[in-house]
Amino acid sequence: MKPAFSVLFLTTLIGMGQGLLIALVAGQFYFVIGSGSEQDSGLFFATGAAVGLALLGLGLVASFFHLTHPERGMRSIMRWRTSWLSREVLLLPACMGLAFLYGVAHWFGFAPVLMTFGNQKSLDLTMAIGFLLAASCAFLFIATGMIYACVRFIKEWATPWTVINYTLIGLSSGFAACAIVAAVENALLRDFLAGWAALFTLLAFAAKGVTLWRNKHLPPPFTLKSAIGVHHGSIRQLSQGFNGRSFNTTEFFTRIGPEVKPWLIGLMLVFGFAAPSALLLAGWADRYLPALIAALPIQYIGLLTERWLFFAQGQHVQNVYYQRKS
Amino acid sequence: MSRKQLALVIDLNICVGCHACVTSCKEWNTSGWAGPLSDTDPYGADPLGVFFNRVQTFEAGEFPLTETIHFPKSCLHCEEPPCVPVCPTGASFKREEDGIVLVDYDKCIGCKYCSWNCPYGVREFDTKQGVMKKCTLCADRIYDETLPEDRRKPACVLACPAGARMFGDISDPASEASQAIRDNAGFQIMPEMGTRPANHYLPRRKTMLVIHNDELVRADNPLLKEGELPRPQLSDPFLDDITSW
């Protein structure tokens, strides 16, 4: 498949944004259930929500570059019953709205207690919005992952690993981004966030390894036998019917040759997972701030490569019909 | 299969790969009210264009025992179209009344997601109009009552000089298309994808002619020898004012 840069930016940016927002809510929950009395300021949570909102907004802007008729974009919420793409379009503004409310409630310290439990713990408004926010971010991870995982004609994509990978990568980069916000704000949550960011990065690394292994051992995606219904052991294409290009020869193929892909896989594994997890661990265990802050920009290069490869490695069934020009 | 399902039946035994269906399809559909099927750089070095129908050529076997198969490919108007439910706007739809899968160009946002969900690669994106396009089974002419009844067929069917393409309702067992599928072992392509394509193909068939020895000798030769027959007399009866001299 041809990687579209709009989609690469969309998926990496909103994934990071969702991970960051989930990290914030997890951090707040960590304080709520914890025994300590100290807590990070509302300003930290508001700043974090603003950064998350900005990431989601940038992703939304990137998504418009993918459409040829963005002015009709609103129509894309119509088929949420059947289309994961439609569900994503619904969930993204929902996450943004909740992130806005979460940030505003924290900014103004508007946290009336909604419920008190038997163990003297209570649920206030910010935490309640936070739970809704984390849930919608989690659903958005699933929706975005399923957009690809439900395309059953691309075997590399049609697996639960697509959703698992995407979610873990989002959590990894999101927690790392949140750790930077915490470091800048000098928040108590910094080590908590850095530690979990390192853990999620390692988990994402492992999941990516499993996916790479799985894709390497896939059966061939298509046979000419069933494609043209001729029961013969040896069939080859003489002509695809035209000498120029068509949508089918541009959208479903990458121009970069197969000899480059191993290098890109190496770049992805080092920049996307190995280096950032080492830096995050250094930032967590040794409280070495430059390492903590450097992890995310390095990881982002790796994650763009990861998304690019995700598309480039997808072999669509239709390619069986476009193997030879003449 | 009670609902009407219009479809094409393409006989691979007849198709000679002349591309007449391709050009007539392009001509008809680029001239219609829905706007042209755009081409970029059509006469240049790197042309890119939208077609609803392509004829591809395959070869089976090893030289010299090979067989050439010309394979016309257009939207199969699946009965379980995977491209329809994934469309976020509802621009891609399967028409209830006749089973044609269509795109509403006024609703399409150009996300191309439907094309990812078609295993046959028959949807083509029009970069100039910014919408996804595909075969309409000539929905604009098959119901056109200003045309004589025998011309109310898709352009490709009318154009095929060899008669390799049939058009009809495959849910009606009495239709010509259904009969052709039944009688000639018509098949669907990529049945394992679960799309239940409506368009069917008829397989290539071996055409054998058995000639027995006695058929090589003229049995109606009264003089038992080859050569010109004797001239009849002028008084002999003749047929239809034509005489043999």
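The legends below describe close-up views of a predicted model.

Local features need pLDDT of at least 70 and side-chain atom pairs count only at pLDDT 80 or more, while totals for chains, interfaces and linings use all residues. Residues are numbered from 1 along each chain as its sequence is written, and chains are lettered from A and ligands numbered from 1 in the order in which they are written.

**View 1. Chain A and its elements.** Chain A holds ten helices and three strands. Helices (H or I, at least four residues) and strands (E, at least two) are DSSP runs, numbered from the N terminus. Starting at the N terminus, the order is α-α-α-β-β-α-α-α-α-β-α-α-α. Along the principal axes, the C-alpha atoms of chain A fill a box of roughly 75 × 45 × 35 Å. Chain A has 326 residues, and 48% of them count as buried. Buried means 20 or more other C-beta atoms within 10 Å of the residue's own, with C-beta atoms placed from the backbone.

**View 2. Leu193(A) in the largest nonpolar core.** A nonpolar core is a set of buried Ala, Val, Leu, Ile, Met, Phe, Trp, Tyr and Cys residues joined through C-beta atoms within 7 Å. The largest one has 157 residues; Cys95(A), Ala179(A) and Leu193(A) touch the most other members. Helix H5 (residues 160-185) of chain A gives the most to this core, with 13 residues. Leaving out residues up to four places away in sequence, Leu193(A) touches Ala23(A), Gly27(A), Phe175(A), Cys178(A), Ala179(A) and Ala182(A). Here, touching means that C-beta atoms, placed from the backbone, lie within 7 Å.

View 3. Strand E3 (residues 235-239) of chain A pairs with strand E4 (residues 53-62) of chain B. The two are antiparallel, with four bridges. Strands count as paired if DSSP finds at least two bridges between them. Arg236(A) has Glu59(B) as its bridge partner in E4(B).

**View 4. The E4–E5 hairpin of chain B.** E4(B) is also joined to strand E5 (residues 65-74) of chain B, by ten bridges, and these strands run antiparallel. Two residues lie between E4(B) and E5(B) in the hairpin. Opposite Gly61(B) stands Thr66(B) of E5(B). In a regular strand, side chains alternate between the two faces of the sheet.

**View 5. Tyr120(B) and its contacts.** Tyr120(B) sits in the loop between helix H2 (113-116) and strand E8 (124-126) of chain B. Tyr120(B) is buried because 24 other C-beta atoms lie within 10 Å. Not counting residues up to four places away in sequence, Tyr120(B) touches Gln318(A), Lys73(B) and Leu76(B).

Note on methods: A residue is buried if 20 or more other C-beta atoms lie within 10 Å of its own, exposed if 12 or fewer, and partly exposed in between; C-beta atoms are placed from the backbone. Two residues are in contact if their C-beta atoms, placed from the backbone, lie within 7 Å.
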